Amino acid sequence: MTKELEKYIRNNLESLIQSDGYPLLFFESISKQVFEIETSINFEKQSNLEAFSFFKDVRKQNIQTLRILNYKGELDNLELFWVEKILRFCEVRYRSLLVLGKQQGWDKNEIIEFYVLISSLFFEFFEKNKDYKYLNIGIKLLDLPWLKLPSNFPYPYCNVLYKRNLILEKNALIKIKNG
Amino acid sequence: MDKKKVVIFCPSPLSLITNSVCEILLKDGIEIEAIIVRSFNLKRFSEEFTRDGRRLLKKIWKKLVLREKAYKENGANIVTFRKNNNLISKNVKSFKEKGVKIITCGNLNDTKVVNYLDSLSSKVVLFTGGGIIRENVLNEAGDGIINCHMGILPEYKGMDLPEWALLEGNKDKIGLTLHFMDSGIDTGEILKKVKIEYIKGETILDLRKRFEPIMVQSMVETLKEYLNDEVSPVKQSNNPFKQYFIMHSKLVDALNVKLEKNAI
C-alpha cells in the first residue's frame, strides 16, 4: 500500500502541490519521509470555528482548521468540543451521512470530499492523542461503500488522503495486534 | 409506607437473563407485580437494524434461534448458571401462573406502559433490556428504573464497554454498574459497581458470556438490597468522561488477536 501511495503521489505531485494546501498534514508527515522535501502548509488559512453551531453548518474549511490546530497541538476547549461533536454526529448518523449530505444540496463528490477530510481529522486526532474512539469512527467511515474513492475522483488530494488513511488504519490495527 | 411494587422491563419473553432474574426473585420471596414485555415486530427490527446493522442479525440468531445452544456446555455462562441453580423458566409468560401480570407492548415508551405505571402507587422498575427509555416513562417509574450497565461508571458510558476497557488497557475498569436511569446516557445515580476480573487469554466472546450470570446475580442482589434500604443511590460527579460507541469489527478482531497472544 505504501508503494502504491508513493507512486500515486509521484504521478500527481504537481496537482497536489497546487491543491490549495489541502493535503496539509499528509505532506508534512509523509513528504519529509518519502521525498525529503519540505512543503508549506498554509497555517494562516483558518476559518472561524465559532461561526457554526450545528453540524450542518460545518464546512470543509472548518475541518481543515481543526486538522491544522490538531497538528500544531493547539486545539482549545471549544475546538476539542467540536472534534467530539463531529465524532458523535458521525457515530449516531453513520448510516445516513450520504443522505444527509444530499439533503444539504451537495453533490456526491462534495460529500465524499467532506467525509474524506473528516476521516482524515479522525485518524490524525488518533495519531496525536491515541484516543481509540477516533480510530474506531475513522475505520467506520473508510468502510462506507460510497466513500470508497473511484480512481478518477476529481480531487487528487482526496485520493491521497484516502489512501493515507488506509495505511494509518492498517498500521494502527497491526500495532494493536502486536500489543 | 406501602410496600414497593416491583415491575420488570423485559426485551423478549425468551430472554434468558430476564427469565433467570424473575425466577430467582420469586424464589427469594420478592413479589413481582408485572413483567412488561417488548414484542418483536417489524418496526422494532427496523429501528434496531438502523442502529446495529448486521450485528442485529447475529443477535437474533443467537438469542432467538440458537438460544441455549449458543453456549458451551459447562462453560462460565448463563446456561451453566441456570443449570447449577435449577432455573427452568424459558418464557416469562410462564410467570403468569405465579400471579405476575404479563403486559406486552410494542415499545416500552408506549402510553399503555405509562398508564400502567401511573396506576401503581409505590414502585421500582428493574430494566433487563428493551431499548431506550424516554422521559414519559422515567417520570412514572416511582423510585426509578434500575439498569445493569455493562461498564464501570462514570468512566465507561455507551456501548461495547468491556472491549473498550481492554483496548485502552484498563483491565481494572471491566465490570458492571447498577444505576438508576435518567434522561442522559448512563448518567443516573449509582447504586453499586461490580468489578469483573479479566482472565488472561480469554476472548471477548468468552468474557461477554461470563458477564451474563454475574449480571443476573447483581441485578437480583442490588434490587433486594435497595428494597431493604441497604443501598442508596449516589449521584455521579460532573465528569469529563465521554461516550463510547459500537466498536468496529476490525478493532474487535485486532483486540482478540492481542488477547490471544496474551499480550495484555
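This is a predicted model: local features need pLDDT of at least 70, side-chain atom pairs count only at pLDDT 80 or more; totals for chains, interfaces and linings use all residues.
Modeller: Residues are numbered from 1 along each chain as written, and chains are lettered from A and ligands numbered from 1 in the order written. Local features need pLDDT of at least 70 and side-chain atom pairs 80 or more, while totals for chains, interfaces and linings use all residues; side-chain values use heavy atoms, without hydrogens and water.

Biologist: What makes Arg210(B) and Glu202(B) a salt bridge?

Modeller: A salt bridge takes a side-chain nitrogen of Lys or Arg within 4 Å of a carboxyl oxygen of Asp or Glu. The closest N and O atoms of Arg210(B) and Glu202(B) are 2.6 Å apart, so the pair qualifies.

Biologist: Why is the pair of Asp206(B) and Lys72(B) said to tie parts together?

Modeller: Their side chains meet at 3.9 Å, N to O. Asp206(B) belongs to helix H8 (residues 204-227) and Lys72(B) to the loop between helices H3 (54-66) and H4 (78-84) of chain B, so the bridge joins parts 134 residues apart in sequence. Helices (H or I, at least four residues) and strands (E, at least two) are DSSP runs numbered from the N terminus.

Biologist: Are Asp206(B) and Lys72(B) buried or exposed?

Modeller: Asp206(B), at 30%, is partly exposed, whereas Lys72(B), at 59%, is exposed.

Biologist: Which other pair ties H8(B) to a strand?

Modeller: Lys192(B) and Glu221(B) form a salt bridge at 3.6 Å. Lys192(B) lies in strand E8 (residues 190-195) and Glu221(B) in H8(B), so parts 29 residues apart in sequence are tied together. Glu221(B) is partly exposed, at 40%.

Biologist: How do you know that the buried residues of H5(B) line one face?

Modeller: The buried residues of helix H5 (residues 111-119) of chain B are Val113(B), Val114(B), Tyr116(B) and Leu117(B). Down the helix axis they fall within an arc of 165°, so they line one face; the arc is taken from the directions from the axis to the C-beta atoms. Thr111(B) and Ser119(B), on the other side, are exposed.

Biologist: How many salt bridges are there between chain B and chain A?

Modeller: The count is two. In one of them, Lys250(B) pairs with Glu169(A), the closest N and O atoms being 2.9 Å apart. Over all chains the count comes to 24.

Methods:
Buried means under 20% relative accessible area, exposed over 50%, partly exposed in between (1.4 Å probe, protein chains only).
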